[in-house]
Amino acid sequence: MSDARTLSGRLIGLGIVAGAVVLAVVAVLRIVRHPETDDAIVMADTIGVVPQVSGTIVELHVVDNQAVKGGEVLFVIDPRPYELAVKRARAELAALDGEIEVTQRRIEGQRYAFDAAKATVQRMQAQAKNAADTLHRLEPLLPKEFVTPDKIDQVRTAKLAAEAGLEEARHKRDQAEQDIGDLNALLAKRDAAQAALGKAELDLSFCYVRAEFDALVVNLHTAIGQFVAPGSVPVFSLVDRRAWYVVANYRETELAHIAPGMQAEVYVQTDPNYRFSGIVQGIGWAVNPEDQPIVPGVPKIERELNWVHIAQRFPVRIRIENPEPAHVFRVGASAVSIVRGWPTDHAAASAPGGS
């Protein structure tokens, strides 16, 4: 009887050991096939709200931690100086338009006169040349008395008159050409004035600072009356609530089982009762090792003991497919991520004989 009990006890013990071994193997296989980590944080794209014009805040339409819609006015910078700049630019443009109109009318009125002036120049050039040629031909005949002095005086007078007429015709032609040049200069000034007006109107629009997308207001520590300027410290920040993702730091030994496009499960510690689906967007190509110089722009991730070998971790970015309910997601919240592998349709297409 005692031998039977002993045998039974041994069998039970062996069964327990075998069960433990099986469970351990299953757990190891599960971890290998579906990498899991609790070294993950919730992230979202964040921008600092910095004005593009300087001035005093006269209206503040948001409070810290408020949700805003894209296009919603966040705050208003005193627009009065910029409104005056717009009025001044419009006045300068209107004055130039008036000058252009007057010049165009003058040119239009001189159009025929300009054509006539060019024809007159040509005619007077011919007359002046003819008078000069006649004078040169007759002057040698005066000592021989083949021509009278009066005739020479008449020819000289005709030559001087032709030259004077030619000079006057050239002056009229040059004046008409100058008017056209003045018009071109005025048109160039108008382009500059139009650009100045556009810049003034743009600056005025910048007084009304709007949300570029659906966002959450964070780190707001200002009030009406605060002076702000371009390039200064952000007035506050906006968290882009249209897309959330998790940055999960996986050991380098697990990266062989992770690839962009794989499905993942995510649990956020703010409310772990919700399970979220995600897609692996990418795996970090670089981190800052502890024993190497810091490389700007590259994340630094602390190593963690993995049995004896110290395994480096690399960031894996997982995009949350449907981040609802929204209150669960907060930038910096802890999370747990499990990479489940390829979607069913991808696995079927990759299988032998798959389409």
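**Strands and salt bridges**

User: How many bridges join strand S7 to strand S9?

Analyst: Four, and the two strands run antiparallel: S7 covers residues 215-218 and S9 covers residues 236-240. Strands here are DSSP runs of E with at least two residues, helices are runs of H or I with at least four, and both are numbered from the N terminus. This is a predicted model, where local features need pLDDT of at least 70 and side-chain atom pairs count only at pLDDT 80 or more, while totals for chains, interfaces and linings use all residues. Residues are numbered from 1 along each chain as its sequence is written, and side-chain values use heavy atoms, with hydrogens and water left out.

User: OK, and what's the bridge partner of Val217 in S9?

Analyst: That's Leu238.

User: Which strands form the open sheet, and in what order?

Analyst: Four of them, in the order S2-S9-S7-S4, with antiparallel pairing. Two strands count as paired if DSSP finds at least two bridges between them. S2 (46-49) and S4 (67-68) are the edge strands; each has a single partner strand, so one side of each has no neighbour in the sheet.

User: What holds strands of a sheet together, in general?

Analyst: They pair through backbone hydrogen bonds, either parallel or antiparallel.

User: Switching topic: how many salt bridges are there?

Analyst: Eight. To count, a side-chain nitrogen of Lys or Arg has to be within 4 Å of a carboxyl oxygen of Asp or Glu.

User: Which residue forms a salt bridge with Asp97?

Analyst: Arg190, with the closest N and O atoms 2.4 Å apart. Asp97 sits in helix H2 (residues 80-138) and Arg190 in helix H3 (residues 149-206), so the pair ties together parts that are 93 residues apart in sequence.

User: Last one: which side chain meets Glu265 in a salt bridge?

Analyst: The one of Arg275, at 3.7 Å, N to O. Glu265 lies in strand S11 (residues 263-268) and Arg275 in the loop between S11 and strand S12 (276-283), so the pair links parts that are ten residues apart in sequence. Glu265 is buried at 14%, while Arg275 is exposed at 52%. Through shared partners, salt bridges join Glu265, Arg275 and Arg340 into one network.

How values were computed. Buried < 20%, exposed > 50% of the residue type's maximum accessible area, 1.4 Å probe, protein only.
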